[in-house]
Amino acid sequence: MKQNVIEFNRLSVTYSNGFCAAHEVSFVVKEGECLAIVGESGSGKTTLARAALGLLPANTKITGSIRVGETEIVGASTETMRGLRGLVLGFVAQDPFGSCNPLARVGSHIADAWRVHGIEPPKNSIVESLEKLGIPNAEIKARKYPHEWSGGMLQRATITAATAHRPRLVIADEPTSALDAGRADSILKALRSAGSAVLLVSHDIDLVSRHADRIAVCYTGQIVEIDKASEVLAHPRHPYTVRLLDAVPRSGHKVSAELKTDADVVLDARNLSCVYGHGTDSVSAVVRADLQVKHGEIVGIYGDSGSGKSTLLRLLAGIENPSSGSVKFGGVSRSESGKTGGKGFIMPIFQDPIGSLDRRWAIWRTVTEPLTAKHLSDKPSQKRRREIARKTLVDIELEEVDLDAKPHQLSVGQCQRIAIARALLAKPRLIVADEPTSALDASVSKNVLQLLSKIAENGTAIIIVSHDERLLKSLCHRVLKMHEGILIN
């Protein structure tokens, strides 16, 4: 009989602000098993993962028990937890950029998995591990900094670090949210082939259905349903589980309305290219891309991790300068747009929601920031901004969020909705969205897609990048593929 690797027994977690993130949660993960915890953003999934690692904030009230073998995690000393992390409990964080030191090279980040335990990494082990996870030119890539990697590639590096010592249990918090479906499958297979049990926190129902042995459904801090994956997916019992599964995008289902054939061109990109580096170290991230987007049109771009999708989006948004080619917004080139009322024309939604929000600002201030732009003459008072922020949060189903909360007090999914709300409040002519639903569960993603569709119906053009081809086809008027820097129409 397989032994329990980790056991939760009536675990309750209440944060210092009084919010109960987990209530009387009990379940076990057995040797070699993959147990997936699914549920909406803010339901308590990440809290359970961090509780198992002893990473909850100070002044958090924790009752109940979490046992790893004979070791009790609740109330364990710092020294005890340091001895478990990495060696017994591996951890893959949801935000790969946030888990890396921006001033250290990626190879050094991986090497720390050994060095924190007073061990030097075996020769060539880092490069070989990265190559197994599909990182090309791994020896060269390992010498680069985190910002020079795509989100999906950097996530693979953090997985390399998490599995360095073949721990008994890998706790993976949305480990594939930045990866295409093929790469996500390979990552989960790699985690399981290491022989470790996996506690998988994920919103990706399709991924879970392919890899999880059991599924636990988390809702309002409680496990409302837990059973074999096949049983939960085929015969859901709890009403929330039914709603969650019904929200998964399905082939042939279209969210967006038909595009008007006579719509004006909002964005016109011609022969757009971007090359990073010089000489033998140069990389062509985008190669001679052409793209036209019309008023009210939603264009989707998908492709493998590292294919150049995010780079293309930054070029189109004017965040980065192309090596060659041109971009016109409403018939005006970017160099001229500042002189012709182009301010507020484009609003971005970034792949890293937490990093895109000012950690010092209260949520009400972040959401209403576009209303204070210098080119606007009529700026609302603080009282009015708070009223607008409250209404906006209700519109995106975050009415429970405290207006004075800071980004670190919210889940990644909640932060992503805040970032989307901020972009929409600016009422731009063009929104460029990089993986806007990657951190969201199916039910919330569906609401976000419907919201974006409604915005497009009102005339705003949208370019959305995602690794999820099926999601894009359910939303977009056109879906294009990015492959090795080439945009395929």
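## Helices α15 and α16

Helices α15 and α16 are roughly parallel to each other, a label given to angles under 35 degrees. Helix α15 spans residues 412-425 and helix α16 residues 442-457; they pack at an angle of about 10 degrees, with their axes 12 Å apart. Axes are lines fitted to C-alpha atoms over the stretch in contact, and angles run from 0 to 180 degrees between N-to-C directions. Helices (H or I, at least four residues) and strands (E, at least two) are DSSP runs, numbered from the N terminus.

From α15, the residues R417, I420 and L424 meet V444, V448, L451, L452 and I455 of α16, where contact means heavy atoms within 4.5 Å. By class, this contact of α15 with α16 has 7 nonpolar, no polar and 1 charged residues. Here Ala, Val, Leu, Ile, Met, Phe, Trp, Tyr, Cys and Pro count as nonpolar, Asp, Glu, Lys and Arg as charged, and the others, Gly among them, as polar.

## Basis of the model

This is a predicted model, in which local features need pLDDT of at least 70 and side-chain atom pairs count only at pLDDT 80 or more, while totals for chains, interfaces and linings use all residues. Residues are numbered from 1 along each chain as its sequence is written, and side-chain values use heavy atoms, with hydrogens and water left out.

## Helices α3 and α4

Helix α3 (residues 106-115) packs against helix α4 (residues 125-132) at an angle of about 110 degrees, with their axes 10 Å apart. That makes α3 roughly perpendicular to α4, the range for this label being 65 to 115 degrees. The contact is made by G107, I110, A111 and W114 of α3 and by S125, I126 and L130 of α4. Its classes are 5 nonpolar, 2 polar and no charged residues.

The loop between α3 and α4 holds N124. Phi of N124 is near 65 degrees, a positive value in a residue other than glycine.

## Strand β3

All of strand β3 (residues 34-38) is covered, as 5 of its 5 residues are buried, meaning under 20% relative accessible area with a 1.4 Å probe and protein chains only. In a regular strand the side chains alternate between the two faces of the sheet. On one side of β3 lie C34, A36 and V38, on the other L35 and I37, and both faces are covered.

Strand β3 runs parallel to strand β8 (residues 197-201), joined by 4 bridges, and C34 stands opposite V198 in β8. Strand β9 (residues 214-219) also pairs with β3 in the parallel sense, over 4 bridges; there I37 stands opposite A216. Two strands pair if DSSP finds at least two bridges between them.

Conventions: Buried < 20%, exposed > 50% of the residue type's maximum accessible area, 1.4 Å probe, protein only. Parallel < 35°, antiparallel > 145°, perpendicular 65-115°, else oblique.
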